[in-house]
Amino acid sequence: FGNPLLDIIELKTYDIRLAVRPPPRNPAVAIVAIDEKSLAAHGRWPWSRATMARLVERLDALGARVIAFDVFFSETENRTALEQIERLEKEQGVGGEASPYARVKRALAADSSFGQAIARSGKVVLPMVFLMSEEEARHLSKADAVRGLAAIQGQAVKLIRDRGDGRLDFPMPPVAGLLTNLPELSAAARASGHINSLPDKRDGSVRWAPLVLRYQGLFFPSADVQAVRLYLKDPAFALHTTRYGISGLQFGERLIATDEYGRALINYRGPPRSFPTWSAADVLAGRIDAALLRDKIVLIGATAQGLGDYRTTPVGAVFPGVEIRANIMQNLIDGDFIQRPGWMFVFDLALMLALGGLLVALLPRFGVRL
């Protein structure tokens with residue numbers, strides 16, 4: 001019934017139950033961390049896209065099955081310098097390979113080299129971000145919204161299996177806009193998906209994973225769902241809906257149940273570093289054995305304290321965002337999100353009434369000490 005006191009007690013006892021779960025055995029997900037060691041070796045963040053291209057190529061060579069980024073690439077690198085060169089070329093009436101600046105332009109075109117590395121790999125999943133309020137989306141124009149939707153439209157769920165009345169306008173978290181990667185990078189990637197998290201409004205802890213969000217009437221899977229689809233060798237994918245909302249996601253014969261908003265309750269595997277984590281500096285330097293990353297989903301993200309990508313979770317007050325995603329991916333692969341069926345409400349109520357009745361019957365029979 002939404003009693004705040006009982007809700008908080010339930011959440012905190014749930015967190016305690018999660019904290020005693022064992023870490024995963026042979027996880028399918030590994031993390032390549034942009035950590036303090038990486039920043040010391042390769043300089044301040046953000047790194048050049050040329051460095052990110054080398055990281056993709058190195059992970060390819062090590063046999064990663066999927067390469068998923070927890071890093072966003074929305075701005076052109078070296079844009080100001082390239083614009084100045086183009087201005088000089090116009091003033092001097094030169095262009096193309098005949099331009100005296102052609103070699104400099106190639107050196108500055110790090111986005112192109114990164115896009116080429118992504119395309120050659122054929123296994124890269126890039127993130128996008130949905131803006132969940134009008135305040136967040138206030139700087140986006142209608143033209144931006146049209147371009148953004150056009151860029152991601154191909155990522156929308158194509159097969160919907162509805163057991164309701166055919167209407168798909170049931171309530172879901174509202175989305176006001178989106179941020180996408182550079183078009184050339186999005187086009188080169190094998191898939192893109194959102195990386196939104198929805199912290200609990202009661203205490204700010206991240207317990208739920210929004211596996212699907214609706215935008216402009218279309219349903220878009222998360223980047224974690226997209227990565228697992230590739231890991232499972234791209235089985236037929238479908239969204240299951242009912243009259244009241246979403247009921248689950250299907251990967252081939254595998255069905256992942258969700259709540260009506262397309263969310264699943266994350267089954268955290270343990271505290272930070274429950275998943276194998278390797279420094280990006282060691283990957284780039286060739287110090288990682290291929291056996292450690294072969295056939296895994298390799299998730300690239302920031303763990304350095306100064307980069308600030310930390311959240312509150314049931315298993316840690318300061319938890320790397322990239323490791324939240326690793327937990328979600330492992331849950332999708334193992335099919336073991338925490339489930340709370342609808343009939344649990346009736347069970348809870350019956351149990352409370354039974355225990356209350358038992359106490360009413362027994363307490364008068366006991367002495368004060370007992």
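Q: By class, what residues make up the lining of the largest pocket?
A: There are 22 nonpolar, 6 polar and 13 charged residues in that lining. Here Ala, Val, Leu, Ile, Met, Phe, Trp, Tyr, Cys and Pro count as nonpolar, Asp, Glu, Lys and Arg as charged, and the others, Gly among them, as polar. Bear in mind that this is a predicted model, where local features need pLDDT of at least 70 and side-chain atom pairs pLDDT 80 or more, while totals for chains, interfaces and linings use all residues. Numbering runs from 1 along each chain as its sequence is written, and side-chain values use heavy atoms, without hydrogens or water.

Q: What volume does the largest pocket have?
A: About 1,800 Å³, taken as the space filled by probe spheres set on grid points joined across faces, edges and corners. A pocket is an open set of points on a 1 Å grid over the protein atoms alone where a 1.4 Å probe fits, with protein on both sides within 12 Å along at least five of seven lines; lining residues have an atom within 4 Å of a point.

Q: Which residues are closest to the centre of the largest pocket?
A: Asp 7, Glu 10, Arg 202, Trp 208 and Arg 340, out of 41 lining residues. α1 (4-19), β13 (263-265) and α12 each give two or more residues to the lining.

Q: And the second largest pocket, which element gives the most to its lining?
A: That's α11, with 4 residues. The volume of this pocket is about 610 Å³, and Asp 70, Val 71, Phe 72, Ile 195 and Asp 309 lie nearest its centre, among 32 lining residues.
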